[in-house]
Each structure stands twice: as structure tokens, then as C-alpha cells.
Amino acid sequence: MKYADVILPVPLDGLFTYSVPPAMEQQVQPGMRVLVPFGRSKSYVGIVARLHDQKPEGYVVKPLTELMDAQPILFPSQLRQWQWIADYYMSPLGDVLKAALPAGLKAEEGYKPRTETYIRLAEAYRNEPTLHVALNMLARATKQQEAFIAYLSLSRWDTIEGNATTEPVLEISREELLNASGATMETIKALLRKGMLETYEVEVSRLNRSGEPHPELIKKLSPPQQEAFNQILFSFLKKPVTLLHGVTGSGKTEIYIHLIQRELEQHRQVLYLLPEIALTVQIMERLHRIFGDRMGIYHSKYSDAERVEIWQKQLSPHPYDIILGARSAVFLPFQHLGLIIVDEEHETSFKQQDPAPRYHARSVAIMMAQILSASNDGSPAPRVLLGTATPSMESYHNCQTGKYGLVSLSERYQGLELPEIQVVDTQELSRRKMMRGPFSPLLLSRVREALERGEQAILFQNRRGWAPMVECRQCGWVPRCEHCDVSLTLHRQMNQLTCHYCGYTYRVPTSCPACGSKELQGRGYGTEKIEDQIRDIFPMARIARMDLDTTRSRQAYERIISDFAAGRTNLLIGTQMISKGLDFDRVSVVGILHADSMLNLPDFRAYEHAYMMMAQVSGRAGRKGKRGLVILQTHQPDLPLIGQVVRNDYAAFYRSLADERLAFRYPPFFRIINVYLKHQKDAIVQTASLELGARLRQWFGDRVLGPDKPAVSRVKTLSIRKLVLKLELGIDMPRVRQYLHLAQQQMLQDKRYSSLQLYYDVDPQ
């Protein structure tokens, strides 16, 4: 008898073995979906991982209930990719399945294709004599006769040598008939009731982007771009991964387009990863003009049905040659993958946080290329290109050690200068009472001048809402979330207080519950408050705000970006979303309102993230035409990091931070694994964390730090403790994972900790 090891969407380690009924033995293959029983009454849709004839011992093996596919929906390389993710990120395979597959491929009822109602002539009227009979029958029903004649003319029901054709030349949808004939639905229904016309359903794609490819629109590369392009191809001969370190505005996207065209000419596919959905809007339009319907889009703002259709298309004989998408696109099936582009590779958005698996799309993409290169199917191994103006410490370190190739592009397209960055000491201005809220006089004057010249400006504040907290002026009371250990953010437009960790909302109190005072005020500035105050200062400005509150839908992203790109708005206020590779022609001034807020976070990556964000936001200025201006407001103008941003000196930034990271045993010189424990009761999570820490120290010694309370020590009513493992790069990672799994099992087997949540975050960002 055959047996199938099945991956199920449950957070349990390992595979689940089922017997294969004889009727299915010839059809079932690895990568197919199967419906299986689980427990006493449940059933799940799972994926067959492997087939074998070894009967499991010790329990009754249940049979597969149903085979849901005629062909596998996963290639063998994808199954190996899933297994690598589960092993490396220490996550059950079932969690990988849940992250990888669109919901429509996981549901028992399956995916429901979109259909459209079409009209055809009833079989009894498909010859010339019966057509005449039908027209005579409709002589007194003028509107029905007109609709019937309109149908015949639309479908070109021509007479050939005296006999009517037996099928229409064109298919006619019900909507087309209604529009063309001017008839009402009731008129069409009357023809259906009389049996002259009949309806049938046709499956239609939701992927309605069409267009012929136009490779002739590809621009010629400038000499620096051409040199970088040649260096990338040369690097690909020696290294599987190459980093393109190009300053903002250097034209990296144009190089990507030439590389994509080269892959298409060699009949290979391209995966183009972007960190943010917002970025896909601009890049999508640019690539679609050139590559037309050879390109597909895949990210979470698309409906589940659309994602299922893209998945199915990638399995078909005519898949998309290019997929443009966010991190989840690494899970799509590819038949002839030749190149993976990871644009803005430094972005933390590529790292999945919750739920598991907590994977990094950049690492998964690199491993996917390695898996495909080892497939031995004769095709060339895919290459990976990482592109950014501000490389992550890990990627740049891999270049310095020779693991990755490095190509530099140090000048902007057409020789345009990098923006001038002027640093403003807001502490000194505040002391002299010269600040107007969060705005310095220099910033306001430069923004005013830009708007008067018909140019655009961007203001960057990395906090959304009206104010990060509310405080009573009399007693200092601050409203906090009932479920999380954080203060609540005031959103004045919605008139509510919101927890940005659990999403719970509260009414804004009219008086302080501690002292009864009505003097409650917002402390600090969020983007909503910035927008409100800037409207008072520049009443004629056409202002848009881009943050999580204003971009809940795909259409909202697209509208904000297209309006700003077209000049319908001229002042954009936003969070880190606006820092991520967006390209606007007329932006001449960028204001970074509060640089210090990024520097004071309790995170070893705080300076790295701050440098990247400030450098990327600065790069939005002066993209075309003339040199831009950046006003960087800070309380710490003498900080070395500020000088490195001003000089655009990434090498100096890397050297200074690398020395610190090496001294304190942080990436890229050491590997970090964070261990999180969560429980409703603080006492239990505290005891469990101490026990786990002692257990891990028996194996790892002083590589274990903690347990400690994180900066936010309670989220969604769960108390949290954290341990940190700092591991040398050469350590035996399979053995490490073995010990960590063992520790997890031992802890969770203890009845005291039956409801304890314990998980690992590998390579936290």
C-alpha cells in the first residue's frame, strides 16, 4: 500500500501520514492538495510532501479523503524551499503552508472562479426557417423583436449558401447585448422564457491587465549605467548574488529593466521584489508600458481570488514572464526562473514579524536561487541582484568578505547632483523660541518658496496619528491600553485613542479620570497633526497625507501617489512609506522634522535604520532638473551619524557601526536569535523565562542574554519575556536548532506551562 506524508495547516512540527486509497494511487503526486481527516471530527486541506510504502507503527493510519488536483500546485523546488524556511526559521511546516498559499487554495470548498453570463441562440432556432418563425412570433412584441435582431447582428449569425451557421462567430455576454441593444433586462428575460435565447456561464479572469509589450520603449543606458550593467553581468559569472549599491536617483530601475529584457530574450522568468505595496504603483506603470501583459502583480492588497488566479497562471503553459510583488511573491511557482531582483534590499518590510514563519524574503529569495541551481535540470542557475542606496549591514559585509559581488553606481542619472542637506539645531531654536511648532523658520521659508515656484515638497514624520500620547496637564495622567503596556495614540480625525499594538480603540475622555481636570493635551506630533498645522501655514497648498491610516486599500495607495506624481497635490506629509524608492519629478524640498525620534529606540539597529531612512527620504529631493534641498531638523547636530548622512558617506557609516557591532557581538559578525515567551499571567512567564534561560545556558553558556522585559512587555493581554542568543557565524546551526527545539518541547510538556507561547525569531530586524 502507498502512504502519503502530508503538510497540514496546523502549528505542529512534522508531517502527517495517511494511506492512499487504491483508486488514488495512480493519480496522487507530491505537491498536490488532498482533503484529509484530522482528529475526531476535523478535516483539512493539506499538501502531499512525499509518497512511500513504509507503514507507520503504533497507530491506525487514516486514508486520504479526496484528491483535489489533477496536477501538482507546487513544484519540487517549492517543497524544498518550504522545508528550508521551516528549518532555518524554526517554524512548523504548517505555518509555512499558511503563509505561502492564497486562502482559496487552502479552503475545503476551494476557489470560486469569477463567471460572466453569456447569451446564445437556443438549439431549436439554429437554422434559417426557425429563425423566420421566431421573428414572426415576435411581430407584436416590438422591443423583444428589436433585442432579438440586435443579438443576431451582434453575433453575426450569417447565412452561408442558404443555411444558417450552427454557431455564432462571436461570443456575446449578457452585458454586451444589453448595452448594444438598449433593451431592458426584462426584455431579455422574456426571450429566455420563450426559449429563443439561452444563457450559459463563462469563466473570466480577474487579471484584466492587458497590453502588448513594447521593448522599443526601453531607454538607452547612460555611460555610468552601462558600466554598472556590464559589471553586474560579469559579477554574475562568478557570484550567485550581487549587490548594486547605487545612490538615490542613479537610475537603478533602468538597469533592472535592461536585465529583465535580457532574461526574457533567453526565455527565462524574473521575480522583482519590492518591500512596500506603495512602491509597486509607480514601478508597475513603468514596467507595464514596456512589458505589457508579460508582467503580473502579486501582493496582499490584491484579493485572494486574484492571487489564486496568478498562482494558477504560473503553473499553466503560459505563465507570466515577470512577477512584481512584495515579500509573499517568493512563494509563487516559477518554471524557468533566471533572475531575482530584490529592490531596496535593506528594508525591514521584507521581514515577516507575525504570525510565523518569521522569514526574511531576501534570504528566502537567495536560498530559492540556490535550490533551483541544485535541481540539475540543465537550466542555468538563477542569479540574485540586491539593489539599494543604503545597503543593510549584512549584505555589505557579505560583499566585503567576498561572498557577494559588489557593483557601485556613485552618480545620479544625467549627472544631477545629490541634494544639499542643511542641518537645523532645533534645540537651540526652541531655546530662542524661534520654532513654530515642529517647523523651523528655514524649513517653512524653503517650502513656501518651492510651492510659489510651482514645485513640490515632502515632510517626513515617522509617527502617525495626531499625537503619540495624551497627558493631563494637572497630574500627568496618561491613558494607556488595557491590553498592552503602551500609551494610546490620539487620532483626532476619528476622535479616538488607538493602541498601535493591538488595534483597540477608546473614546477620548473629556476629563482626567485621576484628578478630574479638563486640561488634557496631546504630546508630540503625528502626521495628522503635522497636516493640520501645515494647512494653517500654507492654506493654498494642496496637501496629501500618506501613512497607514490613509492607505488602507490598494486604491488609496494608488490615488495618493498618482495625485502627487501628476501635480494634483503639491505637499506630501508621510511616515516611512514615503522614503521607499518613490520617484517624483518636481520635488525640490524635503523636510525631516524630528530625526532624533529614530535614534533613541532601544534597538541595536536603531542607528542603521535611522541612517537608511534619512538617506532614503533625502533622496526624494531633486530627482530631475535641478539640485534638491533637504532640511534635517535635529536636537543633536554634532552626532557623527548626522554628518555621515549629510556627506552621503555610507562607507564611513559602515566602518563606525561595524566596529561597534563586532565589539558587542551583533550582526553581521554574529547571528542573533530572539526567544519570546508569552502568557496571560506575568508570574508564570517570569518563572518560565528564568527556567528556560538556565536550561539554555547549560548548552550555550554566556551566548545567552536575559531573560528581560522588552520595551513593550505586554501586548494583547499577554505578558512577554525575551532572551537573546548571540551565536558565532561558524557555529553548528543544525545542532543549535536541535537544542532549541528540545528546550521548547521540554518547557511545553510541563503542565505549568501548557498555555505558554514560546517561539524563536531568527535574524530579527
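Predicted model: local features only at pLDDT ≥ 70, side-chain atom pairs only at ≥ 80, totals over all residues.
View A. As a bit of background, nonpolar side chains tend to be buried together in soluble globular proteins.

**View B. Zooming in on Leu271.** Leave aside anything up to four places away in sequence, and Leu271 still touches Ile323, Ala329, Val330, Phe334, Leu337, Leu339, Ile340, Ile341 and Met368.

**View C. Helices H21 and H22, side by side.** Here H21 (residues 682-700) packs against H22 (residues 733-749) at about 150°, and their axes are 11 Å apart. Since angles over 145 degrees count as roughly antiparallel, H21 is roughly antiparallel to H22. The crossing of H21 past H22 is right-handed. On the H21 side, look for Ala688, Glu691, Leu692, Arg695, Leu696, Trp699 and Phe700; they meet Val736, Tyr739, Leu740, Leu742, Ala743, Gln746 and Met747 of H22. Sorted by class, this contact between H21 and H22 comes to eleven nonpolar residues, one polar and two charged.

**View D. Helices H18 and H20, another packed pair.** H18 covers residues 606-618 and H20 covers residues 650-663; the two pack at an angle of about 170°, with 11 Å between their axes. That angle makes H18 roughly antiparallel to H20. H18 brings Tyr607, Glu608 and Tyr611 to the contact, while H20 brings Tyr650, Phe653, Leu657 and Arg661. The class count for H18 with H20 is five nonpolar residues, two charged and no polar ones.

View E. Ser19 sits in strand E2, which runs over residues 16-19. Is Ser19 buried or exposed? With a relative accessible area of 8%, Ser19 is buried, because the cut-off for buried is under 20%. Not counting residues up to four places away in sequence, the residues that Ser19 touches are Met1, Lys2 and Tyr3, along with Val61, Lys62, Pro63 and Leu64.

Key: Residues numbered from 1 in each chain as written. Heavy atoms only, no water. Axes fitted to C-alpha atoms, helices over the stretch in contact; angles between N-to-C directions. Helix = DSSP H or I, 4+ residues; strand = E, 2+ residues; numbered from the N terminus. Parallel < 35°, antiparallel > 145°, perpendicular 65-115°, else oblique. Left-handed = near helix turned anticlockwise from the far one by under 90°. Contact = heavy atoms within 4.5 Å. Nonpolar A, V, L, I, M, F, W, Y, C, P; charged D, E, K, R; others polar. Buried < 20%, exposed > 50% of the residue type's maximum accessible area, 1.4 Å probe, protein only.
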